[in-house]
Structure formats: C-alpha cells, structure tokens
Amino acid sequence: MRVTTDFWVSSVLRRAFAEGGFAAVERRGAAEAGAVMIRRRDRFGEVALYAPAPQTSYDEAGPSERLFAEVLRTTDEEAAATRIARELRFDPDLWVVELEVSDEAFARLVAVTTP
C-alpha cells in the first residue's frame, strides 16, 4: 500500500534537513494522492525538475515506491517556472517540492529512473 502524498512529502523534507540540506513545499496539492514535482537546485545555479515517472517505468508487480524522471535541467529559472505552470494546468492537485541537497543525499531521498 502506498503512503499518502502528504506523508511522503513530510518524510522527504525531514530527511533532507537531517542530511544537512534544505527542503521546502512550494505548492501543496491533494493530501491523499496528489502527484509530486521536485525542483532540485545545486550550488552552481542549475535547476533540475523531476516529475512522476511514467507507468511503463514500473514492473508488473506495481509500484513499491514513488519513481521520478528528470524532465528538465537548466540554469534558466523562467524555463523551470514555465514547465511547472504547464504541469499545474494539467494537474491542479500537483505538489511542488524544492530540494537543495548533495547528490548522495538526493539519491537516498528520491528514486529516479530513466523514462
């Protein structure tokens, strides 16, 4: 059984701070089953956006954890904001979470796959 989005986001935020990083909820979506988009910033000003991975990324047994796929990597804040706005038009229940953590911490916090 999958945990609620609210619970999952709270867990990621707490774990990010425990790793010595920063985390914030930019936009709160549906508490029970809202999708999550992650904005990750690095110390060089680059922004990476991660969206829920497509269903084809999961095996036949179904999802055991939330999988994400990188959908944008840029230094242009406007491009990142435009992509998030486009996703919000499609899914008004979307959560937007920002993380500033090391590569190692990010790998522990978020399961990323290639679509």
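The following conversation goes through a predicted model and asks how its descriptions follow from its values.

Reader: What makes up this protein, and in what pattern along the sequence?

Author: The protein has three helices and six strands, and along the sequence they follow the pattern α-β-β-β-β-α-β-α-β. Of its 115 residues, 37% count as buried. Among contacts between residues at least 6 apart in sequence, 69% join residues at least 24 apart.

Reader: Why are the buried residues of α1 said to be on the same side?

Author: The buried residues of α1 are T5, W8, V9, V12, L13 and A16. Around the helix axis they cover an arc of only 135 degrees, and therefore they lie on the same side of α1. The buried residues of α1 pack against β1 (22-27), β2, β4, β5 and α3 (103-109), whereas the face turned away from them carries the exposed residues F7, R14 and A18.

Reader: Why is D6 called partly exposed, and which residues does D6 contact?

Author: The relative accessibility of D6 is 30%, and because the partly exposed class lies between under 20% for buried and over 50% for exposed, D6 counts as partly exposed. Leaving aside neighbours within four places in sequence, D6 is in contact with R28, A31 and W95. With R28 there is also a polar contact of 3.0 Å between the side chains. D6 and G34 are 28 residues apart along the chain, yet their C-alpha atoms are separated by 8.4 Å.

Reader: What makes the pair of F17 and F22 edge-to-face?

Author: The structure holds three aromatic pairs. In the pair of F17 and F22, the ring centres are 6.1 Å apart and the planes stand at 85 degrees. Rings pair if their centres lie within 6.5 Å, and planes over 60 degrees apart count as edge-to-face, so the pair of F17 and F22 is edge-to-face. F17 lies in helix α1 and, not counting residues up to four places away in sequence, touches F22 and A23. F17 is partly exposed, with a relative accessible area of 46%, and F22 is partly exposed as well, at 36% relative accessibility.

Reader: How do you know that the charged end of R40 sits over the ring of F106?

Author: The charged end of R40 is 4.5 Å from the centre of the ring of F106. The distance that counts is within 6 Å, and the charge must also be within 35 degrees of the ring normal; R40 is accordingly described as sitting over the ring of F106.

Reader: Why is E98 called buried, and which side chain does E98 meet in a polar contact?

Author: E98 is found in strand β5, and its relative accessibility is 9%. Since buried means under 20%, E98 counts as buried. A polar contact of 2.4 Å joins the side chains of E98 and R41. Leaving aside neighbours within four places in sequence, the residues in contact with E98 are F22, A23, A24, E26, R39 and R41.

Reader: How do you know that the buried residues of α2 line one face of the helix?

Author: In α2, A80, R83, I84 and E87 are buried. Seen down the axis, the buried residues of α2 fall within an arc of 95 degrees, so they line one face of the helix. What covers them includes β2 (36-41), β3 (47-52), β4 (67-74) and β5 (95-100), while E78 and R89, on the other side of α2, are exposed.

How values were computed: Residues numbered from 1 in each chain as written. Predicted model: local features only at pLDDT ≥ 70, side-chain atom pairs only at ≥ 80, totals over all residues. Heavy atoms only, no water. Phe/Tyr/Trp six-rings, centres within 6.5 Å; stacked < 30°, edge-to-face > 60°. Buried < 20%, exposed > 50% of the residue type's maximum accessible area, 1.4 Å probe, protein only. Helix = DSSP H or I, 4+ residues; strand = E, 2+ residues; numbered from the N terminus. Arc of directions from axis to C-beta. Contact = heavy atoms within 4.5 Å. Polar contact = N/O pair within 3.5 Å; in protein donor to acceptor, adjacent residues only side chain to side chain.
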